[in-house]
Amino acid sequence: MGVNGVGPQADESGWPLLPQERTWGAARLTLTLATTAAATWCYLIGESVGSYLGFIKGGLALGAGCMIGMLLVLLAAGPACVQFGIDSIAATKPQFGSRGWVIPAALQAVSIVGWNSLLIIFFAKSAVQLSVALGLLDIGARNAALVPVLTVFACAIMFLALRRGATGMSMVSNILVAHVFIGLWMLFLLVSRRWPELIAAQPPNASPDRVWNYTTGVELGIGATLSWWPYIGAMIRMAPNGRTIVLPVMLGMAAPVPLLSLIGLAGSLVLKSSDPSEWLRIVGGPTYAIVSLTFVTAANFGTTTAGIYASAIGLRNFAALQKCSWTTLLLITIAPVALVGIFIPELFFAKFGNFLALIGVAFAPLCGIQIVDYFFLRRGRIDIRAVYGDQPQQAYYFWRGINPAAIAALAAGCITYVVFLDPLSYRSTALYPYLTASLPSTAAAGLVYLFGSRLVIRAGRGGYS
Amino acid sequence: MNEPTPASIRHALPPELEARIAAFENAAPRPDFDTAGWFWMILLGVALPLLLLAVGWWV
C-alpha cells in the first residue's frame with residue numbers, strides 16, 4: 001500500500017520504495033538471490049570453461065571471474081537501488097537521461113527475455129525427461145510436442161505466483177532453494193567417485209597459450225555475473241539498506257554460480273557431457289537421474305520467475321505502463337518468453353555461447369558508466385525527483401532527454417570489448433590474456449563517460465552542480 | 001536536492017509518486033554502503049579473486 005494508504009502495491013510498481021516497505025532481511029534476500037542464480041546456465045558455463053581449462057584451474061578462474069563481475073554489478077546498480085528502493089532501469093536515468101534510459105531498458109528486455117526463454121525451454125525438456133524417468137510417459141518422438149505445452153504450463157504457474165508481486169517471487173524461492181543443495185550434492189558425488197579421472201582430464205579446445213586459457217575462464221565468469229545487472233535492482237530494492245545487501249549479493253548470488261558450474265565443468269571433462277541428468281544416470285543409476293532432473297526443473301523455474309518479476313518492474317518505467325494493472329504487465333512480460341519457448345526453442349539452444357558473449361559486451365560498459373557517475377561525478381548524490389521527471393528544466397533531461405556522454409561511453413565500451421575479444425569467433429588481441437575483455441571495456445566506458453561528462457557539466461546540464 | 005521544487009514539476013507526477021518522492025526529500029540522505037559493506041566488497045570482490053587467481057595459476 002502506498003504512502004497515502006492508496007495506490008498500487010509498492011512492490012508491483014516501479015516507484016521508489018519507502019524504507020518501511022523494504023522488509024527483506026539478509027536471509028530472505030540471500031535465498032531469493034541464490035535461487036535466481038542457480039539454473040541450467042551454471043553447467044553450460046561450466047562446460048564452456050571446461051573447453052579451455054581443467055577442473056581445478058577452471059573452477060578457480062571461474063570463481064575469481066564471478067566475484068569480480070558481481071562486484072562491478074553491485075557497485076554499478078547497488079547504491080541508487082538501495083538508497084531509493086528503485087530497480088536497475090530507474091538507476092540508469094542519471095546517466096542516460098530521462099529518455100535515454102530506454103537503451104539500458106532495451107538491453108534488459110533482450111537479456112531477460114533471452115535468458116528466460118532459454119531456461120523455460122530447459123525447464124520443459126527436463127520435465128518431459130523427468131516424466132519419462134518416473135514412468136509417467138513412454139519414450140517417444142511425440143514427447144517433443146509436450147515441450148510447448150509444458151512451457152505454457154510453467155508460464156501459467158509463474159503468472160499465478162507473481163500476482164503476489166515480490167512476495168510471490170520470495171515464496172517460490174523459499175520452496176525451490178533446496179535445489180542449490182541438491183546441486184552441491186551432485187557435485188560431491190561426481191568429484192568423490194571420479195576424482196582421478198577428473199584431475200587427469202584434458203580440456204579439448206585448450207589454446208597452446210596457457211595464460212589465454214586461464215583468462216578466458218576468468219572472462220566467462222565475469223560475463224556470467226554481469227548478466228545479473230538487469231535482475232539485481234528489482235530484488236535488492238526490497239532490502240532496507242546497503243549493509244543488508246552486500247553479503248547476500250556476493251555470497252548468495254555470485255558464489256553459487258561457480259560452485260554449481262563445477263557440475264558442468266566436471267561432467268564435460270570426465271563424461272563429455274555437461275548435462276547432470278545424463279551423467280548422473282551413468283554414475284548412480286536412474287534414481288540419481290530423477291533427482292538431477294528434479295534439480296534442473298526446479299532451478300530453471302525459480303530463475304525464470306525472478307526474471308519475469310525484474311522485467312515487469314523494469315517495464316513500469318515506461319509512462320504508458322505505469323498505470324496498467326499488475327496482471328496486464330505480467331502478461332506482457334511473460335508473453336514473449338512463452339512465444340519463444342513454443343515456436344523457436346532450438347534457435348536459443350544453438351546460440352547460447354554467442355548470447356552469453358553478447359551480454360558481456362553490453363553490460364560491462366554499462367557498469368563502468370554507472371560507477372563513474374555515482375562515485376566520481378555525483379559523489380553519491382542522486383536527485384530522486386529528476387529520476388521520475390521528463391521535463392526540460394529537470395536535472396536528467398540533458399539534451400532532449402538523452403545524455404550523449406553516456407551513449408558515447410557505451411559505444412566506446414562495446415568497441416573496446418570486441419577489439420579485445422571477438423565474442424563470436426573468440427579471436428583476441430595480444431593484451432587480452434593479461435587484461436580480459438570485460439575489464440578494459442568497463443574502464444574504457446568509464447573514462448569516456450568521465451571526460452564526456454566534463455563537457456556536459458560545462459554546458460550546465462545533468463544536475464552535477 | 002532540498003531546494004523548492006517548481007509547481008509545474010510537482011504537478012506532473014501522480015500524487016502517490018509525488019508523496020513518495022517528497023518523503024525522500026524531507027528525510028535525511030540515506031547512505032549507500034557502510035564501512036562493513038565496503039570491507040566485505042573488497043574482501044570478496046577484490047582480495048578473494050586475487051587469491052583464487054594466484055592459487056589457480058600455481059597449482
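Mentor: Arg194(A) and Glu197(A) both belong to helix 8 (residues 178-200) of chain A, where they stand three residues apart, about one turn of the helix. This is a predicted model, in which local features need pLDDT of at least 70, side-chain atom pairs count only at pLDDT 80 or more, and totals for chains, interfaces and linings use all residues, while side-chain values use heavy atoms, with hydrogens and water left out. Residues are numbered from 1 along each chain as its sequence is written, and chains are lettered from A and ligands numbered from 1 in the order in which they are written.

Trainee: What makes the pair Arg194(A) and Glu197(A) a salt bridge?

Mentor: The term requires a side-chain nitrogen of Lys or Arg within 4 Å of a carboxyl oxygen of Asp or Glu. Arg194(A) and Glu197(A) are 3.4 Å apart, N to O, so the pair qualifies. Over all chains the count is eight salt bridges.

Trainee: How many salt bridges lie between chain B and chain A?

Mentor: Four are counted there, and Arg385(A) with Glu25(B), at 2.8 Å from N to O, is a salt bridge between the two chains. The elements giving two or more residues to the side of chain B that touches chain A are helix 1 (7-12), helix 2 (15-26) and helix 3 (35-58) of chain B. Helix 3 of chain B gives the largest share, 15 residues.

Trainee: How do you know what area is buried between chain B and chain A?

Mentor: Buried area is the accessible area (1.4 Å probe) that two parts lose on being put together, summed over both. Here the value is about 4000 Å², with 71% from carbon and sulfur atoms. By contact (heavy atoms within 4.5 Å), 40 residues of chain B meet 52 of chain A.

Trainee: What is found when chain A is set against the rule for a compact globule?

Mentor: The radius of gyration is taken over C-alpha atoms, and the rule is 2.2 Å times the number of residues to the power 0.38. For 465 residues the rule gives near 23 Å; chain A has 22 Å, so the value agrees with a compact globule.

Terms used:
Helix = DSSP H or I, 4+ residues; strand = E, 2+ residues; numbered from the N terminus.
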